Amino acid sequence: MAQEKIIELLAEATDTDAAEITVDTAFADLGIDSLDLTEMAMQLEEEFDVEIEMKPEINTVGKLTEVVEALRG
């Protein structure tokens, strides 16, 4: 569920077809900058009732999904 929401947010933010976004998609490849990531993290925090600490190593859909799912328990 987290992965689908992340992909949905990225697709909307970048005007990219969600089908083209995979777990291996890097945010940089979509033109997502740190401000965009912060905004997306805030949306995910609200959606899933978690607190996300964005770090440089969280740079793909898959890594962000892992963080959100771990925080959700």
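A salt bridge here is a side-chain nitrogen of Lys or Arg within 4 Å of a carboxyl oxygen of Asp or Glu, and by this rule the count comes to 2. This is a predicted model, in which local features need pLDDT of at least 70 and side-chain atom pairs count only at pLDDT 80 or more, while totals for chains, interfaces and linings use all residues. Residues are numbered from 1 along each chain as its sequence is written, and side-chain values use heavy atoms, with hydrogens and water left out.

**View 1. K5, E8 and E47 are joined in a network of salt bridges.** Side chains of opposite charge can pair when their charged atoms come close. Start with E8 and K5, whose closest N and O atoms are 3.3 Å apart. Both sit in helix 1, and because they are 3 residues apart, about one helical turn separates them. (Helices are DSSP runs of H or I with at least four residues, numbered from the N terminus.) K5 also meets the side chain of E47 in a salt bridge, at 3.8 Å from N to O. That pair links distant parts of the chain, with K5 in helix 1 and E47 in helix 2, 42 residues apart. (Buried means under 20% relative accessible area, exposed over 50%, and partly exposed in between, with a 1.4 Å probe and protein chains only.)

**View 2. Helix 3 covers residues 61-72.** Its 12 residues reach 16 Å from the first C-alpha to the last, close to the 16 Å expected at 1.5 Å a residue; the expected span is 1.5 Å times one less than the number of residues. Which residues of helix 3 are buried? They are V61, G62, L64, T65 and V68. These residues cover an arc of only 160 degrees around the axis, so they lie on the same side of helix 3; the arc is that of the directions from the helix axis to the C-beta atoms. The buried residues pack against helix 1 and helix 2, where contact means heavy atoms within 4.5 Å. On the face turned away from the buried side, look for the exposed residues E66 and A70. Just after helix 3, G73 takes a positive phi of about 80 degrees.

**View 3. D29 lies in the loop between helix 1 (2-14) and helix 2 (34-48).** Is this residue buried or exposed? D29 counts as exposed, because its relative accessibility is 66%. For a sense of scale, the C-alpha atoms of D29 and L44 are separated by 20 Å, with the two residues 15 apart along the chain.

Technical notes. Helix = DSSP H or I, 4+ residues; strand = E, 2+ residues; numbered from the N terminus.
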